[in-house]
Structures are given as structure tokens and as C-alpha cells.
Amino acid sequence: MTFYRILKATARVSVALIASVSMAWACTGIMLNGTDGSIVRARTAEWGPFDLETKINIIPRGFTYSAGAMPDGKQGASWTGRFGMVGISMLDHGAPADGINEAGLTAGLFYLPGFTEYQEYLPELADNTIPGDLLASYVLSQYETVEEAQAGLEAVRVVGVVDETLGFPFPFHMLVADRFGGRIVIEYIDGELTVFEAPLGVITNSPNYDWHMTNLNNYVNLSALGLPSVEASGVTFAPLGAGSGMIGLPGDFTPPSRFVRAVAFSQTARPTDGGYDTVREAFRILDNFNIPADAAEGAQDDVQSDDLLYSATQITTASDSQNLAYYYHTMYDRTVHMVDMKQIDFDAMGDEMIVFETSGDREPTIVNMTPSN
């Protein structure tokens, strides 16, 4: 990160703070590897003001996608998907903001207020232009690897289109990972496509990804090993309990603090066998990032509804690239649900996607274990 970039990032912080207070999508993403070669990308999706009405989308191979209207009303790009996919959509957008395709490519959008600047909209290129909120659906429908995804995004324009619910364009960046171990973060900075390697597989929100990676240098003292006792003037001092190696780990809900915690927890996670064992560990880690609905940014937002939000963490998902499975649980129902893509014939689905609510009737699954007489 150059000195010039650091100065620009610092100058933007006040803008980002204003944006993040007014609208909060405080997501956290991690990646874990199983000993059998499984690669799992998992994330939370937070939104404090109202229910995102998340839905599962199962989209067939050969589905026709449309970018919709551009800022001047012209129709944007349309394309035919090469791959079937499974993911979650929000606010009835009709296309996943997070998901996995049948080739094992996974992608997820993460809120990046105050730092996202999409490419300039050029009316003459409208038919090769998509809005930022379709980034995940675009790469999942088209590509098999992160290299293909990066090359594909270099050939299409991505612009900001006002979302009707919010009144402004969603500012997103995106983590993309494939079954071969490739992982990148896509951002639009100063109107240009910017790609970062993401070896740790961790992502949160503002500032830009490279700032977070630089900030990790402030926490090189963190360790999963407890601190040794020390002696001073004949007095021995020892840690008061387990976890002393993590003293200094930031515990608040801000994106920089969550990024540091996500790296610390994912890099010290227990070895897993792969498959659901790795998914279970990812969910366990992400439980540390659940945000109470009224405890953090977004609680005092002007946009409110009558929905009862038990948590700002509305849904948590996991994509298993090797086993082609998509898992999730919600704030309403902590039962883990799974879609097994190996059992789906994406060719036989026709040209219609399957959409269903993530939470069903929103009643939690409670097993009554009270002994009977």
C-alpha cells in the first residue's frame, strides 16, 4: 500500500463513518480448509434497520440474466449462464448476493461504504454494463476459476445503479474463491477495477482490503499459546487463565476489529476432516461475530420497519467447493439447512429458477426433551 494510497484512505475515513452509521451491512467472511482438501468459504450477513427477506435461489444452467435499467433508463447487459448455481438473494433482487456454482466457484458481496467508486457509466456501452449488486451473480453464472472471473470482469463495465429500497447504489466489494485454492478480493477504487490476492480468505467491510492487510501488522503479537510467567523483583506474575496469548485482540463490532478477529480465529482453528466438519467449525467461528440488533451501527437508522429482528446477523452461510454443498442458518432458526448441488440436475430445471424462503414459517426448531412419566 503506497503512502499516497494511505493518505487517500485516511481522507476518506470520515465519509465512510457517516455512510456506515446511516446504513449498516456489517458482514464477516472467512475460509477454512479440511484435511481431505475441502475448501469452505463462510460468511455472516448483517443488516440492522429491517429484515432483508433472504431467499434461496437455485438457478439452472442456461438461465438468461438481465442487468436491468441503467442510470439513464437504457437496458444493461444480458447474458446466458454457463453454470447452475445456488445462493441467497436479498430484498427481492432476484439474483444471489452470495453463493456457489456447480464448478465449485464461490463468491459473496460485502458492504464497502465510503470507499467504493464504480466505473463511469457510458451510455454507448450500456449493453456491456452491469450494476454492482449483480457482481456475484455475474461471476458465478459465467466462470469456473478466479482467473476466469478476473479476466471476465475486465471485459465488462460495473456501475452504480440506485437501489429502490435504499435510495442509493449498493457499495460492494467481493470475495471470489475456487475449488483449486484461488481466492481474490474485487474492489472498485477511483472508478477502476482493483484485484487483491486474498491468501487468508478473510473479508469484512470498510476501509479497502489492502488497508486491513496492512493493519494486521499491528497485531503480530497475537498467539494461540498462553503467555509464560514472568518474575519481577522476586515476585512471579502468571496469566490468570487461558487465552492470554490473545490479549490485545480487538473485541468491538467495527470492520477493522472484526477483520483482525476473523484472521486470528480462522488461523488458529482446530484441524477439520473436511465436509460438514469444516463447515461446522466455520459456523462456530462465525458465532463470535453475531451482532445484537440494537448493539451496533444501524440501530438508530431512519429506515425502520415493524419486523422483529432478533439479531442484526440475519443469515450465516457456508459454501463447500469440493462437495458442492451450500449451508445456512438464520436469526429465526439456528437449525443448519443444506442444499446438495450434486443431487440437482441443472439441465432438467428448464429456464426457471427455484426460489424459497430461508426461514420457512420462521418458527425455530425446538426439540422437547422433557421426560414423560
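Which residues is V176 in contact with, leaving aside its neighbours within four places in sequence? I find L105, T106, A107, V146, A149, G182, R183, I184 and I186, where contact means heavy atoms within 4.5 Å.

Before going on, I note that this is a predicted model, in which local features need pLDDT of at least 70, side-chain atom pairs count only at pLDDT 80 or more, and totals for chains, interfaces and linings use all residues. Residues are numbered from 1 along each chain as its sequence is written, and side-chain values use heavy atoms, with hydrogens and water left out.

**Core.** V176 turned up again here: with V139, L153 and M174, V176 has the most contacts inside the largest nonpolar core, which has 94 residues. By nonpolar core I mean a set of buried Ala, Val, Leu, Ile, Met, Phe, Trp, Tyr and Cys residues joined through side-chain atoms within 4.5 Å. Buried is under 20% relative accessible area, exposed over 50%, and partly exposed in between, with a 1.4 Å probe and protein chains only. Helix α5 (residues 255-267) gives this core its largest share, six residues. Helices (H or I, at least four residues) and strands (E, at least two) are DSSP runs, numbered from the N terminus.

**Sheet.** Next I traced an open sheet of eight antiparallel strands, in the order β13-β12-β11-β8-β7-β6-β3-β19; two strands pair if DSSP finds at least two bridges between them. β13 (192-197) and β19 (354-357) each have a single partner strand, so one side of each lacks a neighbour in the sheet. Inside the sheet, six bridges join β8 (residues 106-111) to β11 (residues 172-177), and Y111 stands opposite F172 in β11.

**Helices.** I then looked at what lies across these strands. Helix α2 (residues 135-142) runs at about 170° to β8, while helix α3 (residues 146-154) runs at about 15° to β12. I take axes as lines fitted to C-alpha atoms, for helices over the stretch in contact, with angles from 0 to 180 degrees between N-to-C directions. The α2 and α3 axes are 10 Å apart, at an angle of about 120°. L135, Y138 and V139 in α2 meet A149, G152 and L153 in α3.

**β16.** Last, I checked strand β16 (residues 313-320): eight of its eight residues are buried. Seven bridges join β2 (residues 39-46) to β16, and six join β16 to β17 (residues 325-330). In the hairpin of β16 and β17, L324 takes a positive phi near 50°.
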